[in-house]
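Here are my notes on the model you sent. Please keep the structure open while you go through the points.

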Amino acid sequence: MEIENNKKRKTKKHDEVVTLPPELIEKILLLLPLKSLIRFRCVSKQWFSLISDSHFTKSHFDLARTTNDMLLYFPPENSVARCVDVEGSIHHDYAVQIPETSEHCSPRVMCSCRGFILLINCVNSTHFVVWNPTTGFHTTVSYPSALLRRDMYRPHKLWAGFGYDKSSDDYLVVTGWRDPYKTSEVKSRWEFFSVRNNSWKEIETEGFRSNYLITSNSGVFYNGAICWLAVRSDGEGGRVIVAFDLNEKNLSILSLPPVLPASCTTPVLKTLGGYLGISYRDRRTWRNELWVLKEYKVESTWTKLNNYLPYEHYGTFIPLCLTKSNEYIGRGNCNFNMLKKFSDKGKLLESKVIKCGRVISMIMFEKTLLTLPRNKREDDD
C-alpha cells in the first residue's frame with residue numbers, strides 16, 4: 001500500500017511540474033534564442049502553432065537584444081544557395097533551397113529587411129519574390145502594370161528595394177525604372193507595393209524624374225528608408241544617395257562623405273555594425289575606406305571607421321558585414337568569388353574559395369521566424 005501511495009504522489013508531482021499556464025509558456029518561449037525556437041516547434045502541435053503565430057514572431061523579433069546575422073550567397077546555375085553564420089566560421093555553411101528558380105539560373109538579389117529577401121527571378125522576370133530563407137516562406141509580387149506594358153524586356157533598367165513601415169506594420173516593395181524608349185532625357189518612374197493593401201501606387205517624383213540617375217540596382221534598407229546610390233544626370237554634382245522614406249512615402253537626397261576622393265573606386269552601399277555604411281578603395285593609397293551614417297537625417301554627419309583592411313593584389317576586398325567581435329567579412333579576389341574574414345587590425349583570419357565560373361551574388365539577412373502581415377483582401381475573406 002505504501003509503495004502505491006508513493007507512486008501516486010510522484011505522478012501527481014510530475015503532473016504539477018509539466019502543466020503550465022499557456023500565458024507563462026509564451027513568456028518563457030519569448031525569452032529563448034531563435035535556434036531553440038526552431039527546434040521547439042517540434043515539441044507539439046500547440047507549440048508549433050504558438051511559435052509560428054505572427055504576433056508571437058513579431059514580439060520575439062522586437063524583444064531580441066541581438067540579431068542573428070547571416071550571409072547568403074547564390075552560386076550561378078544552381079537552385080541551392082549557401083548560408084553562413086557570420087559569428088562562426090565561414091567554412092561552416094549549409095544549403096538553402098531557392099524558391100522559383102532553375103538549375104541554369106540564379107535570381108537577382110535586390111534587398112533584405114527583417115529576415116526577408118527581395119529577389120527577381122530570371123526565369124520569369126515579370127514579378128518579384130519575397131522570401132524568408134529561415135522558414136522557406138515565399139510569395140510573389142507582380143510588377144506594376146506600367147512596367148509590364150513598357151519595360152518587361154529591359155530588366156537591366158530596373159532598380160528595387162524592400163522595407164518595413166513600422167507606423168502601419170506594413171512591408172513595401174519599392175521599384176523604379178527608366179523609360180528605354182526616350183533617349184533624349186533620363187526619364188524615371190517610381191512605384192511602391194503595399195503588402196497590406198495588396199496594390200501598387202505611383203510615387204510623386206517632383207525633381208527626381210530627370211535630375212538623378214540610379215547607379216545601384218539593389219536597395220539598402222536602413223532605419224525606415226530604402227537607399228540607392230545615384231549620380232546627378234545634369235553634370236552639376238557627383239554621387240549622392242537617393243532615399244525613400246517608407247513612412248512619409250517620399251524621396252530625398254543624402255550626401256556622401258564630403259572627403260570622398262575623386263580617385264576612389266565606385267562606392268558600395270551596405271549596413272555595417274547596425275548603421276548605413278559605404279565602402280570604397282582609394283586608388284592613390286590602395287586603402288579600403290569605410291564610413292557609417294549613425295543617424296538617418298538629411299544633414300547627418302558621416303563617421304570614418306578606423307580599420308586596417310589590406311589591399312588585395314588581385315582585386316578589391318569588399319566588406320559585407322561587421323561582426324559583434326569587430327571582424328570584417330567580405331568578398332575578395334579578382335572575380336569576387338572568395339570569402340575572407342579580417343580582424344579590425346587587418347589580420348587575415350579565414351578565407352574560402354567559392355568554386356564557380358562567374359561572379360556570385362551575396363547578401364546579408366537576419367535569421368527570423370517573421371511572416372508577412374495579412375492583406376485586406378485576405379481579412380475580408
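1. Start with two helices. The axes of helix H4 (residues 45-52) and helix H5 (residues 54-63) come within 5 Å and cross at roughly 60°. H4 is therefore oblique to H5. Angles under 35 degrees count as roughly parallel, over 145 as roughly antiparallel, 65 to 115 as roughly perpendicular, and the rest as oblique. Axes are lines fitted to C-alpha atoms, for helices over the stretch in contact, and angles run from 0 to 180 degrees between N-to-C directions. Helices (H or I, at least four residues) and strands (E, at least two) are DSSP runs, numbered from the N terminus.

2. Which residues make the contact of H4 with H5? H4 supplies Leu 50, Ile 51 and Ser 52. H5 supplies Ser 54, Phe 56 and Thr 57. Contact means heavy atoms within 4.5 Å. By class, there are 3 nonpolar, 3 polar and no charged residues. Here Ala, Val, Leu, Ile, Met, Phe, Trp, Tyr, Cys and Pro count as nonpolar, Asp, Glu, Lys and Arg as charged, and the others, Gly among them, as polar.

3. A word on the basis. This is a predicted model, where local features need pLDDT of at least 70, side-chain atom pairs count only at pLDDT 80 or more, and totals for chains, interfaces and linings use all residues. Residues are numbered from 1 along each chain as its sequence is written, and side-chain values use heavy atoms, with hydrogens and water left out.

4. Now an open sheet. Its 4 strands have the order S3-S2-S1-S25, and the pairing is antiparallel. Two strands pair if DSSP finds at least two bridges between them. Strand S3 (93-97) and strand S25 (361-366) are the edge strands, and each pairs on one side only. From one strand to the next, the twist averages 30°. Inside the sheet, strand S1 (residues 69-74) and strand S2 (residues 80-85) run antiparallel and are joined by 4 bridges. Met 70 has Asp 85 in S2 as its bridge partner.

5. Another open sheet has 4 strands in the order S21-S22-S23-S24, with antiparallel pairing. Strand S21 (318-322) and strand S24 (348-353) stand at the edges with a single partner strand each, so one side of each has no neighbour in the sheet. Neighbouring strands here are turned by 20° against each other on average, direction ignored.

6. Look at the hairpin of S21 and S22. There are 5 residues between these strands, and Asn 326 in the turn has a positive phi of about 60°. S21 and strand S22 (residues 328-332) pair over 4 bridges. Ile 318 has Arg 331 in S22 as its bridge partner, and Pro 319 stands opposite Gly 330. On to the next strand: S22 pairs with strand S23 (residues 338-342) over 5 bridges, in the antiparallel sense. Ile 329 is partnered by Lys 341 in S23.

7. Is S22 buried or exposed? 5 of its 5 residues are buried, so S22 is largely enclosed by the rest of the structure. Buried means under 20% relative accessible area, exposed over 50%, and partly exposed in between (1.4 Å probe, protein chains only). Tyr 328, Gly 330 and Gly 332 point one way from S22, while Ile 329 and Arg 331 point the other way. In a regular strand the side chains alternate between the two faces of the sheet.

8. Last, the cysteines. The count comes to 0 disulfides. A disulfide is a pair of cysteine sulfur atoms within 2.5 Å. For Cys 227, the nearest cysteine sulfur is that of Cys 111, 9.3 Å away. Cys 227 is buried, at 0% relative accessible area. Cys 321 also counts as buried, at 7%.
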